[in-house]
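Reader: I would like to learn how to read this model feature by feature. Where do we start?

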Amino acid sequence: MTDSLAPTAAPKRSLPRRLFAKIGAENIGLLIALVVVIAFFGTLSPRFLSMATFDSVAFQLPELGLLTLAMLMPIIAGGINLAVTFTANLCGLTLAWVLHANGGPDASVFAFLLGSVLAVGVGTASGFVMGPVIAYTGAHPILVTLSMMIFLRGLGEFLTRGADISGFPEFIQPLGHGSLLGVPIPLLILIAAVIVWHIMMTRTRLGFSNYMVGSNIEATRYSGIPTRRVITLIYALSGAMCGIAGIIMLSRFNSVRVGHGESYVLITVLACFLGGVNPFGGFGKVVSVFLALIILQLLSSGLNLLGASQHLATAIWGIMLVGIMILRWAAGQLTFLRITR
Amino acid sequence: MPSLRLPKLLRANPTETWLIIVLVAICLGLSLSSDKFFTIANLFNLLNTSSTNLIFAVGLLVVLIAGGIDISFAVAASVVQYVVAVALLRIGGGDWLIGIGLAAIAGIALGAVNAALIHYFRIISIVVTIATFNIFFGLLMFFTRGVSIYNLPEWWTHRTMLIEFQQANGNWTGLALPVAIMAICVVATWVLIRHTSIGRQLYAFGDNPEGARRLGINIAAMHFIAFGWLGLMAGIGGLVQVHYAQEVVPNALIGRELDVLAAVVLGGARLGGGRGTVLGCILGVFLVSVTQNGLNLLGISPYAFKMIIGAIILIAITLSNAPLGRMVAALRQRSGT
């Protein structure tokens with residue numbers, strides 16, 4: 001809101017300042033972090049600035065990215081969706097079954113399309129259960145989505161007996177491993193999803209209501225916005241995004257197992273907070289979160305290139321979140337001092 | 001008249017009353033459908049297997065009462081297990097006292113890391129503990145390379161029975177040492193939050209931090225006590241889990257934090273602070289473990305356990321948060337507009 005008002009309030013500001021206002025302090029910080037990470041690994045390893053790194057980032061980013069988008073809208077609405085990964089698993093299972101029921105490796109494109117629609121439908125349905133419970137009973141989102149997570153994990157384990165499901169047609173492969181004009185297809189799907197989410201959050205009623213519900217739900221309700229319907233829709237959309245993530249995960253691993261990407265749940269929350277989303281809801285930008293995701297993935301790929309394990313990357317992700325939060329706190333203190341001076 | 005005080009106690013704690021009714025109903029149903037359920041052996045088995053979770057649960061309860069949340073405690077417990085195991089092997093064995101002492105120090109230290117970040121940099125607890133979850137787990141797996149420790153000191157893995165007797169079928173059964181440790185932790189937590197001034201301050205702080213601050217309550221102390229207590233419980237719970245599992249596996253406890261959280265909140269502790277009782281916490285943990293135990297005895301596939309437990313928690317939360325009257329009113333209001 002303040003961003004769009006700022007240029008009209010002070011039209012004669014210098015170009016750098018206007019640019020700064022346009023990009024936003026949050027993104028400037030993230031861009032600096034991005035440059036630091038690239039410079040750090042670029043100097044340590046000459047192989048870092050290469051197509052291989054780009055490919056590794058581009059192919060690994062989408063799973064985490066799509067799940068983070070699914071996490072983003074509930075967090076901005078002042079909630080959370082801890083069920084994202086297991087919803088994605090179940091959506092993947094749905095697609096796998098439709099494919100298997102139609103001949104496994106010989107399944108037709110139509111079966112794939114039908115399965116994908118059903119997969120997204122299953123994801124949406126999971127959101128349609130959680131959303132109303134949160135909206136109408138006032139139960140805490142952490143609790144509702146946590147029990148949904150336990151339920152979905154159990155349902156998936158019950159249905160698959162913990163086994164991998166594989167044996168899919170050849171034409172799914174490009175969805176997880178192919179490239180279009182040199183750009184990996186999963187990355188294209190992620191970018192498309194980011195654009196859709198960005199437009200939805202900045203240009204639609206639902207996006208606006210999402211921010212308002214996260215800022216002050218009572219005031220929003222009194223202004224005539226159907227908050228309960230908004231919350232239900234938010235969780236349904238979050239579930240739908242999990243469906244897309246589930247389809248991508250199926251084609252990336254060429255198999256479905258309940259528990260794939262289990263550790264991503266808290267990483268998606270971490271990415272949102274790193275991207276400047278307010279933990280209490282109400283504020284946060286899709287583009288900033290996308291930048292945060294790129295930084296996280298670059299860190300992981302860079303450390304991998306240096307021979308360190310993924311676990312060290314996990315620890316550094318955590319340290320980075322703490323570091324950024326401390327920097328934000330320091331920036332807040334400085335602003336406070338400037339105002340009160 | 002003591003007989004009249006019980007209903008009042010129940011009315012003052014609707015969640016606990018509700019849980020007792022459900023728990024009794026489940027127990028009745030199970031004792032009718034399985035002759036193995038209502039036996040001393042099964043009761044002991046239930047207590048033995050729930051001890052780790054209940055120790056974690058009472059620790060988490062204190063943090064929830066103080067208005068925080070902690071995702072990192074189960075991973076912290078894994079770190080404590082590893083640190084204590086390595087330290088004990090270095091000094092050549094030790095005993096229960098040294099083990100618990102080391103675990104307490106390590107656990108409290110990890111809790112203090114969370115508390116310091118929350119207090120000094122004003123970062124909310126969920127962000128801090130998600131970060132420390134990743135830091136603790138990442139560093140633990142990095143330094144240990146995921147290797148387990150099996151050659152533990154004898155006292156640690158030796159099954160000590162408090163009460164022991166032979167069943168009709170010749171098998172020995174009994175209450176293991178962890179149950180005693182669990183009982184001590186539960187009573188200590190109850191005393192802390194119900195019978196000390198610190199406990200009252202924790203409730204007040206959780207309910208209204210700003211109001212508590214203006215009353216002169218030491219906010220820093222509250223953060224450090226709550227997270228330190230959970231760290232202490234995580235350390236002790238970690239020791240007990242090793243005693244039960246007979247090995248130290250770095251990723252054995254990962255994922256446990258969410259199960260414990262669900263049980264504690266099911267027991268009436270409020271996310272957001274200021275509400276929660278030790279009794280509710282015990283009931284929440286036992287509702288989950290009795291259900292699991294019962295499904296096991298009824299011969300239901302273990303793969304279905306989590307699904308059923310998840311569904312039960314989801315339904316319980318929906319019902320306990322939605323008095324039917326309010327739901328009808330909400331629906332009517334919606335159709336009216």
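This is a predicted model: local features need pLDDT of at least 70, side-chain atom pairs count only at pLDDT 80 or more; totals for chains, interfaces and linings use all residues.

Author: Start with the elements. Helices (H or I, at least four residues) and strands (E, at least two) are DSSP runs, numbered from the N terminus. Residues are numbered from 1 along each chain as its sequence is written, and chains are lettered from A and ligands numbered from 1 in the order in which they are written.

Reader: What is the value of phi at Gln246(B)?

Author: Phi of Gln246(B) is near 70°. That is a positive value in a residue other than glycine. Arg122(B) also has a positive phi, near 55°. Arg122(B) sits in the loop between α5 and α6 of chain B.

Reader: Is Gln246(B) buried or exposed?

Author: Count C-beta atoms, placed from the backbone. A residue is buried if 20 or more others lie within 10 Å of its own, exposed if 12 or fewer, and partly exposed in between. Gln246(B) has 12 other C-beta atoms within 10 Å, so it is exposed. Arg122(B) has 13 such neighbours inside 10 Å and therefore counts as partly exposed. Apply the rule to chain A, and buried residues make up 50% of its 341 residues.

Reader: Which residues does Ile198(B) contact, leaving aside neighbours within four places in sequence?

Author: Contact means that the C-beta atoms of two residues, placed from the backbone, lie within 7 Å. On that basis, Ile198(B) touches Leu192(B) and Ile225(B). Ile198(B) belongs to helix α9 (residues 197-207) of chain B. Its 16 C-beta neighbours inside 10 Å make Ile198(B) partly exposed. Ile198(B) and Ile217(B) are 19 residues apart in sequence, and their C-alpha atoms are 9.4 Å apart.

Reader: How many helices and strands are in chain A?

Author: Chain A has 15 helices and four strands. Now take its overall dimensions. The radius of gyration is taken over C-alpha atoms, and the globule rule is 2.2 Å times the number of residues to the power 0.38. For 341 residues, a compact globule would come out near 20 Å; chain A has 21 Å, which agrees. Along the principal axes, its C-alpha atoms fill a box of roughly 70 × 55 × 35 Å. Of the contacts in chain A between residues at least 6 apart in sequence, 76% join residues at least 24 apart.

Reader: At what angle do α13 and α15 of chain A cross?

Author: Axes are lines fitted to C-alpha atoms, for helices over the stretch in contact, and angles run from 0 to 180 degrees between N-to-C directions. Helix α13 (residues 264-274) and helix α15 (residues 310-340) of chain A cross at roughly 30°, with axes that come within 10 Å. Ile267(A), Leu270(A), Phe273(A) and Leu274(A) of α13(A) meet Trp317(A), Met320(A), Leu321(A) and Ile324(A) of α15(A).

Reader: How many residues does each chain give to the contact between chains A and B?

Author: Chain B gives 42 residues and chain A gives 39. On the side of chain B, α6(B) has the largest share, 13 residues.
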